[in-house]
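Look at the model first, then read on.

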Amino acid sequence: MTAAAKSGHPGGSLSAADILAALYFRVLRVDPSRPGWPERDRFVLSKGHAAPALYAALAERGYFPVEELKTLRRIHSRLQGHPDMRKTPGVEASTGSLGQGLSMAGGMALAGRLDGCDWRVYALLGDGECEEGQVWEAAMAAAHYRLDNLTAFLDNNGLQIDGPIEQVMSPNPLNDKWRAFGWHVIEIDGHDFGQILGAVDEAKKTKGRPTMIVARTIKGKGCSFMENEAEWHGKAPSPEQAEQALRDLEKGGAAR
Amino acid sequence: MKYLVRLQEGAKKVATRDAYGEALAELGRENPDVVALDADLSKSTKTAVFGKAFPARFFNMGIAEANMMATAAGLAAAGKVPFASTFAVFATGRAFDQVRNSICYPHLNVKIAASHAGITVGEDGGSHQSVEDIALMRVLPNMTVIVPADAGETRAAVRAAAALDGPVYLRLGRAGGPIIFGPDYSFRVGEAVVLREGRDVSLFACGVMVAEALKAADQLAGEGLEAEVVNVSSLKPFDWRTVAESVVRTGAAVSAEEHSIIGGLGGAVAECLAERHPVPLVRVGLRDTFGESGTPDELMKAYGLTAADIVRAAKEAIQRRRV
């Protein structure tokens, strides 16, 4: 997708792809034929630059044709460079300016609880994104309002555009910070479906506080030349590299 | 629209923020989807009135304005009608990116009711006096911007904002102001209102400056000049037609606002006149400067925001038309 668009963020999309697949195919109570169904679960991609992974999950789940993925970032496409809730069926929040999605997810969770609904809210944040102050305002508020209908994932791939998070501006220790802010914290391997689903179950059973699932992930996961390379944060692969990436991903899929 | 008035001498003064508090609580009784958020200033912004009546639907978000605005966006995305309040300087400056990206870009149904706008904040000083908020909100696509002139118009604007699907910025003041509109006044978003007819000069005003413009018109009448006073409470959508039609009659214009002369009402009037019907325009407002501490009355005098300043500006506009 990013190769066809000649721009985009492949690295952080691939690190989040397994979590998104688990959410859209096993966790979220959604109906692609009714994107506005009031009783649906909500998912907010706070790290909006991973839009290609979200679009792929939405297309595979049936919100729009898979062929449409090739229009990513093109003029008049429904698939904007960053998620646009007014253009793309299934996108719950317009994100991209980092640090705002968890606040929006918190607002949705407040609304759901106010109406006595049982739908749940999920969000996915980046670890670099946690350098934004608003993330911690939202963390504080979600714990203060005891939003146990809110579950967030932290895509802990350890890299941001300018390099490793530890070198650019360390948000660590992330687990301790989320715990200190009053969240129930679960640490998992973000590429292990069993662990992802187990953590979601644990979050559902956790009462009185929101849950943060800190998922250790690999940026560029499944693609030999992208894995753990910060330079693949916001750069599209060439057609040849894209071929190689798809071969790698197919091999990885077969091995699993 | 026309609603002809004369200011009553010695009438009771009411702050628009007080009218907002009452109107919001009233709205809460009628519409269970209305919720309110505040950032630790609920006693000042008067959302506390709503909070007392509807504690489950009131969310104090603490001193965290960015999170408050994006939380309001989430509530709106889930069908609520959130009113988010804090001081204007924080609502529009501190949380600008959240208002832009989380509220306006996705056209979410969030009402930002910001109090303590302008220099009538008074003693708190320049750090707390927003002189740029109208400009910041007016430039955002999808945003509606309303600056009510008195308590009655505030009550009507709160209802109109709730009835409108989309983001609205309501600019409210701390200090009391005279009552201009009676209960028969019907406010409509996007309509400027002629409060007094005249053929010599058009006085376009918003907020606290509407009362000053009416006083200025009285003073000008004493000197044989008939000023038309137009209340431009809808900064956006802007009533180009009423503004242009007024200057076609008068041939001279003054804008008056408790805001920078750049980007606010003066900016909007200048844009309108330049494109539709160019006539001399003199802008009354803060002349590219921050405010400072002082009483509201002292500050209005010090920064040239009184009826006397409007009178001077009107004469200058008329003079320039004649040369």
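Two strands pair if DSSP finds at least two bridges between them. Helices (H or I, at least four residues) and strands (E, at least two) are DSSP runs, numbered from the N terminus. This is a predicted model: local features need pLDDT of at least 70, side-chain atom pairs count only at pLDDT 80 or more, and totals for chains, interfaces and linings use all residues. Residues are numbered from 1 along each chain as its sequence is written, chains are lettered from A and ligands numbered from 1 in the order in which they are written, and side-chain values use heavy atoms, with hydrogens and water left out.

**Strand S2 of chain B**

- S2(B) covers residues 34-38. It pairs with strand S3 (residues 58-60) of chain B in the parallel sense, over three bridges.
- In that pair, B:Ala36 stands opposite B:Phe58.
- S2(B) also runs parallel to strand S4 (residues 81-87) of chain B, joined by five bridges. Here B:Leu37 stands opposite B:Ala84.
- Five of the five residues of S2(B) are buried (under 20% relative accessible area; exposed is over 50%, partly exposed in between; 1.4 Å probe, protein chains only).
- In a regular strand the side chains alternate between the two faces of the sheet. On one side of S2(B) sit B:Val34, B:Ala36 and B:Asp38, and on the other B:Val35 and B:Leu37.

**The mixed sheet of chain B**

- This open sheet has five strands in the order S9-S11-S10-S13-S14 (chain B), with mixed pairing.
- Its edge strands are S9 (193-196) and S14 (281-286) of chain B, and each pairs on one side only.
- S9(B) pairs with S11(B) (residues 227-231) in the antiparallel sense over three bridges. B:Arg196 stands opposite B:Val229.
- Helix H13 (residues 307-322) of chain B touches S10, S13 and S14 of chain B (contact: heavy atoms within 4.5 Å). Its direction makes about 155 degrees with that of S14(B). Axes are lines fitted to C-alpha atoms, for helices over the stretch in contact, and angles run from 0 to 180 degrees between N-to-C directions.

**The parallel sheet of chain A**

- Five strands form an open sheet in the order S1-S2-S3-S7-S6 (chain A), with parallel pairing.
- The twist averages 20 degrees from one strand to the next.
- Six bridges join S6(A) to S7(A) (residues 211-216). A:Ile186 stands opposite A:Ile213 there.
- Helix H8 (residues 193-205) of chain A lies across S2, S3, S6 and S7 of chain A, at about 170 degrees to S6(A).
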